[in-house]
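My entries follow in the order I made them.

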Amino acid sequence: MRANATVIQAAALLTEFDGVQSGEKFVAKRQGSSYWMEQIDMTKGRMPFGNDPGYQVFRNVKGYGARGDGVTDDTAAIQRAIADGNRCGGPPDGPKCLSVTTKPALVYFPPGTYKVSGTIKAWYNTQLVGNPIDRPRIVASSSFVEGLGVISTDEYIPGGDGAQWYINQSNFLRQLRNFIIDLRQAPKQDIAGLHYQVAQATSLEHVDFVMNKGSKQLGIFAENGSGGWMADLSFEGGAFGFYGGNQQFTVRNLKFRDCTTAIKIIWDWGWAWKNLDISGGTTGVDLTGEAGGRGTGSVLLTDSKFSNLPVAIKAVPYIGGSGKGNTIITLDNVNFSSGVGVAVQDSAGQTKLAGGQNVAHWIEGKVFDTSSPNGNQQSGSSATRPRVEMLMGGPNNGFYEKSKPQYENVPAGNFLNVKDNGVFGDGQRDDTQAIKAIFESGRSQGKVVYFPHGVYIVRDTITFPSGSKIVGEAWSQIMGAGPSFSDINNPKVMIRVGNPGDTGSMEISDIMFTAKGATAGIVLMEWNLKESQKGNCGMWDAHFRFGGAAGNDLQLAQCNKLDAVKPQPNCIAGAMMLHMTRSSSGYFENVWAWTADHDLDDAVNNAQIDIYTARGVLIESQGPTWMYGTSSEHHVLYQYNVHGAKNLYMSLIQTETPYYQPRPAAPDPYRAQLGKFNGDVSFDYCGGDIKCRSAWGLIVKNSENIFISGAGLYSFFSDYNQNCLAGGDCQNRMVSFVNNKSLWLYNLVTIGTVSMVNEALSETPNRMSGEHPNQAGIAAWLVQSGQ
């Protein structure tokens, strides 16, 4: 429903009247906040490539007229704060705009109660950030009339026959954190707190959804999308806490209380849920899809607990034989012991797993192990993975986890603004020496080094020393440029995190690491530092990008797809995204390593482009290392390479093969540079098999204690043609496992790949089990687990 202007205006007046009549029951008298975003100068963030020198990245909603007093209708004021500066919205609020990188915004909400009578539309490349010390409450008023959610990340175009503002698979660059969304006054019974269609480089954190118990309200409605990260959320009451589907999500620390159904998944390829706490209601997790369909591909629940429920998990009836059409279910350390009648039940009412117990490991799906090297469909208990203590320490006696630092208790005087210290961030001048001076002089020690939004050009290696805390604003960019990084035969690091052998701490968040032009030898980051305490070396909401954005000279004008049979030299962008060296350890959450497949600033068409980078993420760390919600896409040789590593936990990694492959065929254009890094692959074993010459999604070789809780590895094209999807043969191989000890892989999903897992680079056993027409799934691959 879309209300007209008269109805919206009337709703606004009624909202204010209702606030007064109700005695302002949501009004809270608050003192001034000490949170650093309200105390330091936040006006220095600039995007140098937007041709708008006055454009403000940071905006406080109270500067646009929002009151936050629990009485005034703040809808229009909040929307003004989001839209200000000719940003990327859609009809009827503005022209068609699929995406843009030149108009980022961090929209800040001080403490208060913000009443709204219509949907808050979160435009592209927007961070909505509340005060984490005293989280703002957004209340849907009794006059709420418009939209799918109180907040929406995508909008349906009126009269558009289902068309939306954004392409849901590329609705990148979003944050929503630190809010209470209250639906209890809303008259619309099926209202959602959040309409959430998103893709990579998005995060939803520290949000509470408050609904009327027994109502038809929804916390989150997400009908589509291509990935993302959610953590530290709570849901109270309502018909559904979460309702929807997405290609893949990684989720951590969600609490549900008295939702009729906590989670309803209508479709997916693969989701990893960690540290769920579901109590009360009728059903915990419903996997039956819409109208009992078989659209849910796979789910993995780890370190979770259910209590006071008749049915914890409901699924479609299991089909034997090939298993085609089943939902893969993997339970890893899940507690059903307190007041749960049935742990797993099918929609026909048959009990698959009884309640009243703590389940170490249970699988429904195809399992490959030493006793069944060709796979066996099973529904029941499975081998229990070992506990590696250095990886443990999380809730429910599970894997360690750590939330993103927000520096709530750090005084403003402990922030060092780089733009107050000789750094420009204007995308033109060289900031190398000024940034080096901040870290080498010791000025950064004991401080949080703040990079206001900007593009910081660096022409030589910069080292972040142990003890650094670095935070950006709406993904401030550190951009490598110049001849120092251009030699394809001599790779050079742009950002070095500690030196080899260093031990200490590190925190990096809200930064984008990128490069300008033909920096064929650049390694965006080399991570050497090893933690001194569990989890104190980490990176959150920080991303890597080659190409596809304003100012990097790797856009449509320079790198149009298929411009030449051989790659254009000026579009050979880099040697590697992220290298975790042998001496390192780290905690990584919501990190995206993306070589652009399209131009984000072609706002109308998002035209495809050809950018070439050799390697995605190389992991040689001996651990402990945790990777939650990471993805690596469109690199020539591989997306993830775990080489000689130990003690690694990965929770739903996601990859895509370059769309242009196999033209040129891997390893081109990097054949002459093979061997520059450990674990490089030549593809010589392919011979004349052209579909063998596409990038590996995942390689694990000579490694030990590797735990992979979910992987979605996709190949959607062969030479930009998608006819291969029908036969699942866009490329021949996706995963290589060679000579490993204690390797545990759960819930592997591939698309467009003939062979899912290969045990040696020269072999091509078909490990495919078609769970759905568009995907293949394996519940567990334990051949090299040692069990």
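**Entry 1: the largest pocket**

Between which domains does the largest pocket lie? Domain 1 (35–246) and domain 3 (449–783) both give residues to its lining, so the largest pocket lies between them. Before going on, I noted that this is a predicted model, in which local features need pLDDT of at least 70, side-chain atom pairs count only at pLDDT 80 or more, and totals for chains, interfaces and linings use all residues. Residues are numbered from 1 along each chain as its sequence is written, and side-chain values use heavy atoms, with hydrogens and water left out.

I looked up what counts as a void. On a 1 Å grid over the protein atoms alone, a pocket is an open set of points with protein on both sides within 12 Å along at least five of seven lines, while a cavity is a set of points where a 1.4 Å probe fits but cannot get out; lining residues have an atom within 4 Å of a point. Grid points are joined across faces, edges and corners, and a volume is the space filled by probe spheres set on the points.

The largest pocket has a volume of about 420 Å³. I found 22 lining residues, with Gln169, Ser170, Asp597, Glu656 and Tyr659 nearest the centre. By class, the lining has 8 nonpolar, 11 polar and 3 charged residues. Here Ala, Val, Leu, Ile, Met, Phe, Trp, Tyr, Cys and Pro count as nonpolar, Asp, Glu, Lys and Arg as charged, and the others, Gly among them, as polar.

The chain is divided into domain 1 (35–246), domain 2 (250–384) and domain 3 (449–783). These bounds come from an automatic or database domain assignment. I checked how domains 1 and 3 meet. Their C-alpha centres lie 30 Å apart. In contact (heavy atoms within 4.5 Å) are 36 residues of domain 1 and 34 residues of domain 3.

I then turned to the cavities. Domain 1 and domain 3 both give residues to the lining, so the largest cavity lies between them.

Helices (H or I, at least four residues) and strands (E, at least two) are DSSP runs, numbered from the N terminus.

Asp258 lies in the loop between β14 and β15. At 34% relative accessibility, Asp258 is partly exposed. The cut-offs are under 20% relative accessible area for buried, over 50% for exposed and partly exposed in between (1.4 Å probe, protein chains only). Asp258 touches Lys213, Gly237, Gly238, Ser279, Gly280 and Gly281, not counting residues up to four places away in sequence.

Next I followed the strands. Strand β15 (residues 261–279) joins β16 (residues 283–286) by 3 bridges, and the two run parallel. Strand β16 also pairs with β17 (residues 298–315) in the parallel sense, over 3 bridges. Two strands pair if DSSP finds at least two bridges between them. Which residue in β16 is the bridge partner of Thr261? I found Thr283, and the partner of Thr283 in β17 is Val311.

**Entry 2: two helices**

In helix α2 (residues 75–83), I listed Thr75, Ala77, Ile78, Gln79, Ala81 and Ile82 as buried. Just after α2, Gly85 takes a positive phi of about 100 degrees. In helix α3 (residues 432–440), the buried residues are Thr432, Ala434, Ile435, Lys436, Ile438 and Phe439. Just after α3, Gly442 takes a positive phi of about 90 degrees.

The peptide bond from Gln661 to Pro662 is cis, with omega near 10 degrees. Another cis bond joins Arg663 and Pro664, with omega about 0 degrees. Pro664 sits in the loop between β44 and β45.

His634 is not a glycine, yet has a positive phi of about 75 degrees. Is His634 buried or exposed? His634 is buried, with a relative accessible area of 3%. Asn739 has a positive phi near 55 degrees, but Asn739 is exposed at 59%.
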